[in-house]
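Subject: Structure for you to look at

Hello,

Here is the structure I promised to pass on. Please open it next to this email and follow along.

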Amino acid sequence: MEFSRKSLVIKTLISAIFLLGLSSWSVAEFRVAGHATTSTTIEFPALNCRKHSAVLTEFGGVGDGKTSNTEAFKAAIANLSQLAADGGGAQLVVPPGKWLTGSFNLTSHFTLFIHKDAVILGTQDESEWPHLPVLPSYGRGRDAPNGRFSSLIFGTNLTDVVITGNNGTIDGQGAYWWKKFKEEKLNVTRPYLIEIMYSSQVQISNLTLVNSPSWNVHPIYSSDIIIQHLTILAPVDSPNTDGIDPDSCTNTKIEDSFVVSGDDCIAVKSGWDQYGIKFNMPTKNLVIRRFTCISPDSATIALGSEMSGGIEDVRAEDITAINTQSGVRIKTAVGRGAYVKDIYVRRITLNTMKYVFWMTGSYGSHPDPGFDPKALPVIKGINYRDVVADNVTYSARLDGIENDPFTDICISNVNIKLTSKPKELQWNCTHIQGVTNQVTPEPCNLLPEKEIDCPFPEDRLPIDNVKLKTCSISGNF
């Protein structure tokens, strides 16, 4: 895969460092039927271990990269779902091979384990992607006004579901979908790689996701979510290939992951204009840590622009971005309503950036003309500290909304080194209020100097108290 406008050396180094953190696996000797045979035992962390286990080939799966396995996945999960109440559920192992499939639905008390030498391939046969209605908090599809294709791996109304592996791969084969999008030939919205709705106790971990048709990981209307040890890769010019998009979710942890994307590496959302206001489900209690992003045309972490259910209590720390448009960006507009508040960011390292700080109050896309122009968003309590940035074009562009300023902004301990050809106006500020301390270059006069260390909460969110168990699978892989 070719990634323009970035250093191959840097990407390779980051990937290598990241892969060192993946879960371990070991090979054990077993004696079966009087003779020695070698079986692989793979240990992995999970919310819960399963009493029952099966392999996709037991249900007719063929891993040749050509045969459709949609029915095999459906049959396997339907069979294993009957064991949910017995011993904590069941797990399905995707063994080495290339497993072509359309969309399939998960079940509760279930683990989907993708072996490191397995690749799940998203089919380009649209008949194997069922249509779903539009999301109620959005009111229309993101690509087209009508419905949307079901995600490759989908689940709704689930409890205790794990999607993991020892760095197995999910390949959405997105080029087919990107071409249709660019040629405006879509009647419904493109599928995502993973979407979990109306669910709780969700884990997505230790996988490589590549070439998603659109967004990669989309938990929505859900709670108690752990997302960790993901590598997500898409060409930097691919449309809307967001990495991880928590959407109207509570109690979520994203950590130890690496994203190269054509859009925001993480986009925090909660609904769109009047539909999100009516649905009224915020994203809150979100922690993001040890996260690396490359996205030349988008944000490392975006808050919005679809934030009409509210975004509250987001904590991001130990964040790295390279050749990326902006750091932690706030995107909103007249008509969004709701709020983005109590945002805490610390220990950010940025290299080759257009903007370090960027807030936009005029991000004007709307689902339809029915939005309320009197629905003004409240943006307040935005805290950044301990930021080091190199090779930067603009230090900050902070644009609030006339008669609706963004308030209580705090920025402290920031050292920004500029590119050889920086913009003359380094801090462009309108309709904002806040303070700064020990920030270079010197901020705008709307952010006066004050002796302060911007706050970062020291308490733990509930999701940090969830302990994963050591589980295992065994087989002749």
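Strands β26 (residues 378–399) and β27 (residues 406–418) pair with each other in the parallel sense. The pairing runs over 9 bridges. Please keep in mind that this is a predicted model. To find one of the contacts, go to Tyr384, whose bridge partner in β27 is Ile411.

Now stay on Ile411. In β29, Ile411 stands opposite Thr436. Strand β29 covers residues 432–440 and runs parallel to β27. Here 7 bridges join the two strands. So much for β27.

Next, an open sheet. It has 4 strands, in the order β7-β12-β15-β17, and the pairing is parallel. Which strands sit at the edges? They are β7 (104–105) and β17 (217–220), each of which pairs on one side only. Look also at β12 (residues 153–156) and β15 (residues 194–197): 4 bridges join them. In one of these pairs, Ile153 has Ile194 of β15 as its partner.

Then turn to Gly147. This residue lies in the loop between β10 (131–132) and β11 (148–149). Is Gly147 buried or exposed? Its relative accessible area is 16%, and the cut-off for buried is under 20%, so Gly147 counts as buried. Gly147 and Arg190 are 43 residues apart along the chain, while their C-alpha atoms are 9.6 Å apart.

On to a helix. Helix α2 spans residues 70–81, which makes 12 residues. From first C-alpha to last, α2 reaches 16 Å, close to the 16 Å expected at 1.5 Å a residue. Its buried residues are Thr70, Ala72, Phe73, Ala76, Ile77 and Leu80. Why do these line one face of α2? Seen down the helix axis, they fall within an arc of 165°, so one face holds them. An α-helix has 3.6 residues a turn, so residues three or four places apart point the same way.

Last, the largest pocket. Its volume is about 370 Å³. There are 22 lining residues, and the closest to the pocket centre are Arg142, Asn240, Asp263, Glu306 and Tyr363. What classes make up the lining of this pocket? It has 11 charged, 7 polar and 4 nonpolar residues.

Best wishes

Conventions
Residues are numbered from 1 along each chain as its sequence is written. This is a predicted model: local features need pLDDT of at least 70, side-chain atom pairs count only at pLDDT 80 or more; totals for chains, interfaces and linings use all residues. Side-chain values use heavy atoms; hydrogens and water are left out. The expected span of a helix is 1.5 Å times one less than its number of residues. Buried means under 20% relative accessible area, exposed over 50%, partly exposed in between (1.4 Å probe, protein chains only). The arc is that of the directions from the helix axis to the C-beta atoms. Two strands pair if DSSP finds at least two bridges between them. On a 1 Å grid over the protein atoms alone, a cavity is a set of points where a 1.4 Å probe fits but cannot get out, and a pocket is an open set with protein on both sides within 12 Å along at least five of seven lines; lining residues have an atom within 4 Å of a point. Grid points are joined across faces, edges and corners, and a volume is the space filled by probe spheres set on the points. Ala, Val, Leu, Ile, Met, Phe, Trp, Tyr, Cys and Pro count as nonpolar, Asp, Glu, Lys and Arg as charged, and the others, Gly among them, as polar.
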